[in-house]
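User: Got a model to go through with you. Can you start with how the elements are named, then take my questions as they come?
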Amino acid sequence: MTALFAAFAATRFIAYAGSLLLFGASAMLALTGRASLAESARARLQGVLRVAAVVTVVAVLFLLPLQAASIAEDPQAMWNASMLNTVAWQTRYGQAWLLRVVAVLVLLAVVWTGARADGQRRVSAGWQAAIAGLALAPLCLSGHAAMQEGGAGVLHASVDFIHCLAAGFWLGALPVFLHCLRAWEQPESRAQAGRALMRFSTAGHVAVALLLASGTLNAWMIIAPAGLDMGAAYTQWLLLKIALALAMTALAVVNRYRWIRRLRTARVLALASIRRNTVAELVLGAVVLAVVGGLGLMAPAQMS
């Protein structure tokens, strides 16, 4: 692994993590509703979302120079204006990157001005989620999702987009879920928090199902053309990603079907277990995104 590869993978990870957090948290805030619980959650997370939006923009801006250096196999190409101009305007990666820059800048403006200091909204969480979701679309116009042309290419990009949305909702919604769980402990907000947690549970089932289905199809569309190569680094890292995703799924299932059901009979133990498992999901999710940051830079099969 070269320093350039590590820097590129790390930057992709940061850009992914920020984008998914912004979409998932905004979507969960929209599901929480317009009650005081949603306002308190949004006020609590507003600073985090603003930082995430700024960091995402910076990371996305660095992606094009890193791509130019990767193509030229020379780190000095990162600062070569002619090379950057060529990659930006004459490659599919560059054109998708330009769209992504516009999208994350719009999202930054929406997040930064979305709520005033007094907590009043300028932009609803629903609109913020929609914009954050659209900002994920350019991700699916380059990389492995752009391997095929024609109808197969459209299908692959669409599957990849669904995969991004599902992953974003699952991971990004978890911080809001933890806020709702804390609110559930307060008798005056228990009813609101209970409704929000049930909405998350319902939407979470859909997100996990879509994530697993789209992930399976996505992997098949990447690997099938070259054939499965168990010796390829790509395959080994993909297997690690699958194992981590299945571990996250197991934690979510245990939370939903073991500990949520025990909230009324063993409240303290159930709340502690749900929090611990949710934090573990977030940590595993971050590791998955780090793996994805590198996977997108690897060939599915070893070069002969």
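Analyst: Helices (H or I, at least four residues) and strands (E, at least two) are DSSP runs, numbered from the N terminus. This is a predicted model, where local features need pLDDT of at least 70, side-chain atom pairs count only at pLDDT 80 or more, and totals for chains, interfaces and linings use all residues. Residues are numbered from 1 along each chain as its sequence is written, and side-chain values use heavy atoms, with hydrogens and water left out.

User: OK. Where is Glu73 found?
Analyst: In the loop between H2 and H3. Glu73 has a positive phi of about 55°, and it is not a glycine.

User: Is Glu73 buried or exposed?
Analyst: Exposed, with a relative accessible area of 72%. The cut-offs: buried means under 20% relative accessible area, exposed over 50%, partly exposed in between (1.4 Å probe, protein chains only).

User: Switching to H4. What span should helix H4 have?
Analyst: H4 covers residues 92–113, 22 residues, and should span 32 Å at 1.5 Å a residue. The expected span is 1.5 Å times one less than the number of residues. Its end C-alpha atoms are 32 Å apart, which agrees.

User: Which helices do the buried residues of H4 pack against?
Analyst: Helix H1 (3–32), helix H2 (36–72), helix H3 (81–90) and helix H5 (125–135). Contact here means heavy atoms within 4.5 Å. The buried residues of H4 include Trp97, Arg100 and Leu107.

User: And Val102, buried or exposed?
Analyst: Val102 also lies in H4, but at 52% relative accessibility it counts as exposed. Its C-alpha atom is 9.5 Å from that of Val57, 45 residues apart along the chain.

User: Now pockets. What volume does the largest pocket have?
Analyst: About 1300 Å³. On a 1 Å grid over the protein atoms alone, a pocket is an open set of points where a 1.4 Å probe fits, with protein on both sides within 12 Å along at least five of seven lines. Grid points are joined across faces, edges and corners, and the volume is the space filled by probe spheres set on the points.

User: How many residues line it?
Analyst: 48, of which Tyr16, His144, Asp160, Val292 and Gly296 lie nearest its centre. A lining residue has an atom within 4 Å of a point. Elements giving two or more residues to the lining are H1, H2, H4, helix H6 (150–184), helix H7 (190–223), helix H8 (233–259) and H9.

User: What is Tyr234 in contact with?
Analyst: Beyond its neighbours within four places in sequence, Tyr234 contacts residues including His144, Ile222, Leu295 and Pro300. Tyr234 sits in H8 and counts as buried, at 3% relative accessibility.

User: And Thr278, which side chain does it make a polar contact with?
Analyst: That of Asn255, at 3.4 Å. A polar contact is a pair of N or O atoms within 3.5 Å; within protein, one must be able to donate a hydrogen and the other to accept it, and residues adjacent in sequence count only if both atoms are side-chain atoms. Thr278 is in H9 (residues 267–295) and is buried, at 0% relative accessibility.

User: Last one. How many disulfides?
Analyst: Zero, taking a disulfide as a pair of cysteine sulfur atoms within 2.5 Å. The sulfur of Cys140 is 4.2 Å from the closest cysteine sulfur, in Cys164, so it is too far for a bond.
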